[in-house]
Amino acid sequence: MAGLVATPGLAQQVPAPTIQAVPLAPPVQVVPFPVLSAAQAATLGQMIADAGYAHGLRHDADRPVIPQNNDALVRAALDFARAVHSGRLDISDFQQDWGLRPAPYDPLPGFADAVKRDRIAAWIRALPPPYAGYDTLQKGLARYRAIEADGGWSSVPAGPDLTIGATGARVAALRKRLAVEDDAVSEGTKFDADLLAAVKRAQGRYGLNPTGVVSTQTLGALNVPAADRVRQIMANMERWRWLPQELPAKRIQVNIADARLAVFEGDAPIASMKAVTGRPGNETPMLQSKIHSIVLNPPWNVPTSIATKELWPKGAAYLARNNYKVIGTGANKRLQQQPGPRSALGLYKFDFDNPYAVYLHDTPSQSTFASFSRLASHGCVRLEKPAALAQLLLRNDPAWQPEQIQAALAAGKTLRVPLQEQDKVSVYLLYWTAFANRDGVVSFRADPYGWDKTLAAKIENRSAITAVAAR
């Protein structure tokens with residue numbers, strides 16, 4: 001009742017509250033736009049034009065109009081800095097399942113300091129993501145832009161599968177197409193052992209089964225226009241800009257599009273394995289989090305949507321045969337698959353906080369790992385070698401060495417094993433459809449979720465909004 005006016009007749013009046021002064025927040029330091037010298041203005045305009053193209057901020061080589069007015073040129077520099085450092089999207093442009101968000105970034109203080117110390121070039125060089133993965137894609141971008149400028153490549157005509165022993169015009173077209181990306185391929189009309197090896201190399205770069213047989217799927221990858229490959233590289237460079245400026249040296253990365261997991265320590269991969277990621281329509285989200293515990297013999301609490309569409313219609317006999325338990329009644333009725341060899345989660349579940357209710361887990365279905373197309377889950381990530389990952393994460397815990405893990409699994413009871421604080425490992429679910437080695441040789445994957453195209457459309461729309469605002 002504090003603060004109410006005392007009512008006559010009450011035995012004791014309630015005192016008025018003491019009002020304490022709230023300390024004022026420190027004033028926001030407003031950094032004024034720096035005034036550029038003539039030499040600085042000329043250098044800055046040139047660098048913005050060149051660097052914007054080199055970092056894939058625009059597709060066409062046409063040079064943009066550089067403002068001559070000081071403040072307009074400064075604004076152009078700040079817009080460039082935000083784009084190459086943190087990406088070109090506004091937070092409102094991100095889809096719900098694009099759970100990565102670039103950190104807020106104000107380039108003005110750093111730019112003003114660079115102008116004051118006449119170190120604009122160094123400031124520009126320090127803006128891009130500081131990762132080898134970004135640098136190698138930038139090399140690949142330059143290479144594929146040169147290919148596009150030289151006319152790209154001609155499509156290989158459709159027809160019967162091509163394999164060793166084939167001859168004719170289609171083999172000549174195949175050789176010509178492969179030679180654009182592979183210097184070891186020569187002209188000719190015969191499908192020989194050298195061409196077989198070249199086809200396998202190409203299939204490896206495109207994430208296809210390296211059979212050496214040129215069938216419909218291989219033709220489809222080879223016949224994607226060079227301009228589309230340039231845009232694909234640009235989209236992946238944009239996603240690099242969403243990552244924090246420093247990745248933990250100890251981390252797990254899952255490439256959703258490639259369906260592979262890699263474990264990093266000391267910023268170098270120490271282990272990798274195949275994964276199964278979400279099928280289109282059940283997309284695995286991009287996110288970053290930290291694995292805090294491992295569940296041994298996990299039950300599967302079936303999401304309502306999966307139970308309704310896929311399990312309830314199969315009937316009570318199927319549910320009983322596959323060890324599903326009905327929990328609750330009426331509208332609250334749900335399904336839980338009990339732990340065991342038939343559990344959809346297998347023997348291991350790796351938990352990390354996220355708003356999508358996804359996790360890494362084992363699976364009793366190993367056949368999918370033999371496929372080169374492994375987008376087949378409901379959104380969670382299935383692992384080829386979960387036991388090896390569990391042992392790696394628990395290796396510093398004397399209570400959970402391999403013998404103890406096996407004993408707990410054999411007991412059959414569900415048990416959550418918290419990771420020690422120092423062993424909790426960051427996990428990143430990322431969507432890479434283009435990545436390159438140190439020589440700039442780019443590997444491409446399909447865009448199964450259409451996120452490359454969606455991202456390109458959002459960037460184009462955001463660029464148009466920015467252009468209107470700048471007028």
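In the predicted model, the buried residues of helix α5 are covered by elements that include the helices α1 (38–54), α2 (70–86), α6 (169–181) and α9 (226–240), together with β14 (434–436) and β15 (442–444). The buried positions of α5 are Y134, T136, L137, G140, L141, Y144, R145 and I147. An α-helix has 3.6 residues a turn, so residues three or four places apart point the same way. Just after α5, G151 adopts a positive phi of about 105 degrees.

The largest nonpolar core contains 118 residues. Within this core, the residues with the most contacts are L174, F191, I291, F350 and L360. Helix α2 supplies the largest share of the core, eight residues; α2 is also among the elements that cover the buried residues of α5. For L174, when neighbours within four places in sequence are left aside, the contacts are V156, L162, F191, L195, V199, V214 and L222. One of these contacts, F191, is itself listed with L174 among the core residues that have the most contacts.

One cavity of 30 Å³ or more is present in the structure. The volume of the largest cavity is about 50 Å³. Its lining is formed by K250, R251, I252, V263, F264, E265, L392, L393, R395, D423 and V425. Two or more lining residues come from each of β1 (251–255), β2 (260–265) and α12 (386–393), and β2 gives the most, with three residues. By class, the lining of the largest cavity consists of six nonpolar and five charged residues, with no polar residue.

Strand β13 (residues 425–430) includes S426. S426 has a relative accessible area of 10%, and is therefore buried, the cut-off being under 20%. Not counting residues up to four places away in sequence, S426 touches P248, K250, R251, I252, S289 and K290. Among these contacts of S426 are K250, R251 and I252, which also belong to the lining of the largest cavity. S426 and S215 are separated by 211 residues in sequence, and the distance between their C-alpha atoms is 40 Å.

How values were computed:
Residues are numbered from 1 along each chain as its sequence is written. This is a predicted model: local features need pLDDT of at least 70, side-chain atom pairs count only at pLDDT 80 or more; totals for chains, interfaces and linings use all residues. Side-chain values use heavy atoms; hydrogens and water are left out. Buried means under 20% relative accessible area, exposed over 50%, partly exposed in between (1.4 Å probe, protein chains only). Helices (H or I, at least four residues) and strands (E, at least two) are DSSP runs, numbered from the N terminus. Contact means heavy atoms within 4.5 Å. On a 1 Å grid over the protein atoms alone, a cavity is a set of points where a 1.4 Å probe fits but cannot get out, and a pocket is an open set with protein on both sides within 12 Å along at least five of seven lines; lining residues have an atom within 4 Å of a point. Grid points are joined across faces, edges and corners, and a volume is the space filled by probe spheres set on the points. Ala, Val, Leu, Ile, Met, Phe, Trp, Tyr, Cys and Pro count as nonpolar, Asp, Glu, Lys and Arg as charged, and the others, Gly among them, as polar. A nonpolar core is a set of buried Ala, Val, Leu, Ile, Met, Phe, Trp, Tyr and Cys residues joined through side-chain atoms within 4.5 Å.
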